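Trainee: I have a new structure open and would like to learn how to read it. Could you walk me through a few features?

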Amino acid sequence: MSAGTTDPAGGFAHRALAIQYGLGLLVLLLVAAPLLPILYQSLLATSLYDAGHVLTLGNFRRLLATPGFGRIVWNTLVFAALTTLLAQLIGSLAAILFSRTDLPGRRLLGELFLVPLYVSALVLSFGWYTLYGPSGYVTALWQSTLGEPFWDLYTLPGMILVAGLTQAPLAYLYSMSSAALADPTLEEAARIAGAGALRTLWRVTLPLMMPAIAYSLVMNFTIALELLSVPLVFGDPARITVMTTFLYKVGITTTNPDHGLVATGALLMLLVICGLIWLQTRLLGSTRRFVTLGGKAARPRPFRLLRWRWPLVALVMAYLLAAVLAPIAVLVLRAFTSFLSPMVPLAEVLSLDNFATLIDYPVYTGAIWNSLQISAIGGAVATLLVALIAAIVHRSAFRYRAALHYVALFPRAVPGMIAGLGFFYAFALLPDLGGLRNSIWIIALAFTMRFIPAGLGAVAPTLLQISPDLDQAARVQGADWWTATRRIVLPLLRPALVACYTVLFISFFKDYSTAIFLFSAGSEVLGTSLMNLWTEGQAGIVAALATIQIVIIAACVGAVRAVFGVKLYG
Amino acid sequence: MADLLIEGLARRFGPVAAVDDLSLHVADGEFVTLLGPSGCGKSTTLAAVAGLDQPDAGRIVVGGKTYFDGARGIYLPPEARGCGLVFQSYALWPHMTVFDNVAFPLTLRRVRAAERRRRVEEVLALVEMEAFAGRHPHMLSGGQQQRVALARTLVYQPSILLLDEPLSNLDAKLRDRARSWLAALRLRLGLTTLYVTHDQIEALSLSDRVVVMNRGRIAQLGTPRAIYEAPAEAFVADFIGTTNFLPARVLAEAAGEARLALEDGQQVSVAVPRPPGAGRAVTLAARPEQLRLAEPGEASDAHGTVVTARLRGSAYIGGRWQLGLELGGSTLRVETTTLPDDAGGDLRLWLPRDGLLLFPAAA
């Protein structure tokens with residue numbers, strides 16, 4: 001072989017460090033930016049944007065002295081705890097049923113079960129309202145034939161029912177990631193040792209699911225705590241207030257928001273959630289940090305349901321119809337009607353007026369366009385950020401990579417509304433950078449911060465499956481960290497990046513709570529417009545807008561699956 | 001090409017010393033193998049030379065270029081070292097063709113396209129893979145992947161070649177072929193090579209010198225023959241080849257000879273250069289091929305000792321029998337071409353006077 005090989009340029013060591021430190025600082029800034037101003041505001045006597053800052057602890061006293069505050073805390077805890085239990089019960093049962101039994105059509109049923117993940121909780125709440133609310137379709141039908149309905153969603157149990165069923169898919173996903181369901185041989189061993197099907201379920205499957213269930217409980221409790229949609233749609237009319245609706249009212253719907261109170265309440269929620277997540281990591285270690293799903297094809301011996309097969313199929317289908325499909329379908333139907341009631345023949349009320357109204361108002365078309373821009377462009381930038389975070393955390397010698405990982409996952413503990421509030425404060429403190437404060441990009445920024453953990457969850461499992469030998473081989477051959485990342489790691493990560501982009505696109509597109517403190521005239525997004533229209537009582541236009549959201553998300557998911565063959569969950 | 005100098009290398013993982021004060025010099029063009037059981041520190045040493053793992057202390061110098069110096073705080077990143085490393089997993093990039101895999105190191109070195117193509121073709125011809133340039137790695141067999149991995153390493157003429165168990169993913173037949181191919185290639189190229197394996201046949205057949213490692217330290221460093229025929233300690237004798245160990249006590253020692261009593265009282269004479277003093281507890285080590293059953297009427301003489309042992313079991317291992325014998329409370333393995341008929345009875349076993357080894361008894 002010929003001579004003349006030179007060493008590759010050696011001055012790149014600094015490049016890796018510059019990227020790693022730069023990105024580390026950026027993520028730290030992104031995560032800390034909304035949090036510190038909330039802390040600051042909670043200690044201020046006046047609003048942050050007013051002149052003359054005076055530090056005080058008075059806000060805490062005032063919050064505790066707010067009339068009915070004890071009731072709010074109690075409602076919040078009961079709502080979150082029972083929602084979590086209900087979601088977990090349904091989720092765990094579904095996980096066992098769909099992955100461990102010979103239930104006919106379990107694959108399709110399992111996918112339908114996940115549909116609520118793709119739809120915003122707000123839209124699902126509207127669907128439930130349209131179907132089962134006081135003047136809902138089913139309610140009216142029941143009234144006209146059977147008398148007074150036995151349910152009332154405008155109660156705490158009603159709210160828990162809606163929220164629990166909305167969150168069940170998440171509990172299902174976490175349960176699916178448990179050791180028992182990921183590795184069928186563990187069960188096989190018990191069966192071969194002579195244990196019957198039920199004993200195996202009780203002694204092996206369930207105990208092995210416990211860590212995943214514990215993790216799922218904490219995550220679902222967090223999500224229930226920060227849920228705004230269900231309490232707003234079903235709790236508010238009955239004057240049942242939880243923390244999120246309290247913050248929403250004090251911070252948004254009053255003309256003169258009391259930000260001392262809002263920030264203190266937000267801080268309280270943050271502390272509770274951080275405490276929970278800390279407890280969960282203490283109890284379980286960090287092993288269950290991501291929902292990792294290996295779609296194991298071979299499930300040699302599923303539990304046999306025998307004569308229960310068809311009754312169970314009927315039960316599952318009834319559940320899916322009543323809890324998932326019908327609420328969405330009726331909302332879509334509502335969009336195409338001027339008035340929806342079982343008493344009025346459908347043909348008489350069918351109309352496109354709702355959509356016509358939408359198109360006539362630039363506010364609404366603008367919101368759709370804004371949401372599309374934020375999701376498409378913001379989602380792409382966020383995907384790049386997530387990819388780099390993952391590469392640094394899992395594939396570099398960066399000294400602070402463990403700290404970076406922690407910081408990047410921290411937004412799990414930050415409810416969307418509070419993240420938005422924090423960015424609102426942060427930009428109130430800063431000079432207005434070229435109109436950023438009133439643009440859609442501040443919303444994209446808040447979304448990015450909020451959904452970094454979700455993005456990492458989509459990327460990290462794949463990254464951990466790529467052998468480190470592959471990038472180390474490039475390093476030994478003369479590629480610096482950045483070249484190895486760019487030429488080897490990122491190309492191999494492409495399917496996961498597509499999944500990550502889709503998850504972020506959908507999350508950005510359906511979010512309604514993060515943006516409520518951040519939008520201004522001209523920078524409305526779909527979620528905030530839905531909320532506003534709802535409070536104005538524009539049910540038909542809400543349904544039309546929600547339909548557009550559902551259609552766009554469905555098209556996005558469908559396209560990704562068709563083109564890339566990437567499944568987002570499961 | 002260059003020589004490799006390792007001095008006082010140390011690497012701890014928590015309380016475990018993976019590499020413990022290891023020093024080694026590999027001369028220019030020499031082929032040295034690190035051999036040992038898993039966890040002995042051989043892979044950690046290789047990773048330290050490649051720059052994939054930062055040691056705690058010591059010095060690594062290749063051809064006058066300091067890769068690592070704990071005392072002076074020098075640590076070159078892997079990309080600045082110019083080593084060639086063939087991974088156990090081959091680490092071929094699945095998203096690139098064979099050609100692109102091999103061309104990648106040249107692209108990094110900004111070699112122009114025409115020159116790049118020439119050199120990739122040259123090195124693919126060297127490993128007899130030129131017909132596969134357009135394929136992706138998953139379309140190749142294990143042996144072919146291994147050749148591409150080697151080509152990808154050779155193409156940029158590394159200062160030193162590091163091989164991490166390159167044959168361990170191949171099945172037995174293919175491994176034999178790959179081993180002879182690698183031996184031939186090594187003669188042609190004459191690269192300074194550090195080879196890591198747990199397979200003694202690879203180590204003995206390929207290497208100029210073998211480093212037997214145990215618990216992060218060098219147990220023995222020597223030529224393959226020296227390692228096999230004169231293991232420095234019981235660990236080496238046990239790890240390389242098959243060795244029978246018999247606990248014994250020294251009865252008497254005279255110039256170059258020791259008279260031993262086995263546990264059951266039978267006596268054996270062995271010639272050793274520096275016999276231990278009388279009364280010392282020792283371990284007598286004998287390779288199966290050094291032992292044989294005594295001929296009828298054969299007695300102890302100046303060449304060997306005949307002792308009585310009990311036959312405990314036998315196994316046919318293809319062409320010969322492996323016998324399990326009980327002697328002085330220990331089990332011996334001996335190979336014969338014929339099976340003695342009196343299974344379960346006593347046999348007469350011949351031990352040579354020369355060639356057996358004595359180690360201090362394990363505490």
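Trainee: Let me start with strands. Which residue in β10(B) does Val32(B) stand opposite?

Mentor: Keep in mind that this is a predicted model. Here's the general idea: strands of a sheet pair through backbone hydrogen bonds, in a parallel or antiparallel way. In this case, Val32(B) faces Arg209(B) of β10(B). The two strands involved, β3 (residues 31-35) and β10 (residues 209-214) of chain B, pair in the parallel sense over 4 bridges.

Trainee: What is the strand order of the sheet in chain B?

Mentor: Going across, read β7-β8-β9-β3-β10-β11 of chain B, an open sheet of 6 strands with mixed pairing. At its edges sit β7 (84-86) and β11 (217-222) of chain B, each pairing on one side only. From one strand to the next, the twist averages 15°. Helix α4 (residues 142-154) of chain B packs on this sheet and touches β7 and β8 (161-164) of chain B. The direction of α4 makes about 175° with that of β7(B).

Trainee: Now helices. Why is α23(A) called largely enclosed by the rest of the structure?

Mentor: Count its buried residues, meaning those under 20% relative accessible area. In α23(A), 10 of the 12 residues are buried, so the rest of the structure largely encloses this helix. Among them are Trp481(A), Trp482(A) and Ile488(A).

Trainee: And is Ser92(A) buried or exposed?

Mentor: Ser92(A) is buried, because its relative accessible area is 11%, under the 20% cut-off. You'll find Ser92(A) in helix α3 (residues 69-100) of chain A. Leaving aside residues up to four places away in sequence, Ser92(A) touches Ser175(A), Met209(A) and Ile213(A).

How values were computed
Residues are numbered from 1 along each chain as its sequence is written. Chains are lettered from A and ligands numbered from 1 in the order in which they are written. This is a predicted model: local features need pLDDT of at least 70, side-chain atom pairs count only at pLDDT 80 or more; totals for chains, interfaces and linings use all residues. Side-chain values use heavy atoms; hydrogens and water are left out. Buried means under 20% relative accessible area, exposed over 50%, partly exposed in between (1.4 Å probe, protein chains only). Contact means heavy atoms within 4.5 Å. Two strands pair if DSSP finds at least two bridges between them. Axes are lines fitted to C-alpha atoms, for helices over the stretch in contact, and angles run from 0 to 180 degrees between N-to-C directions.
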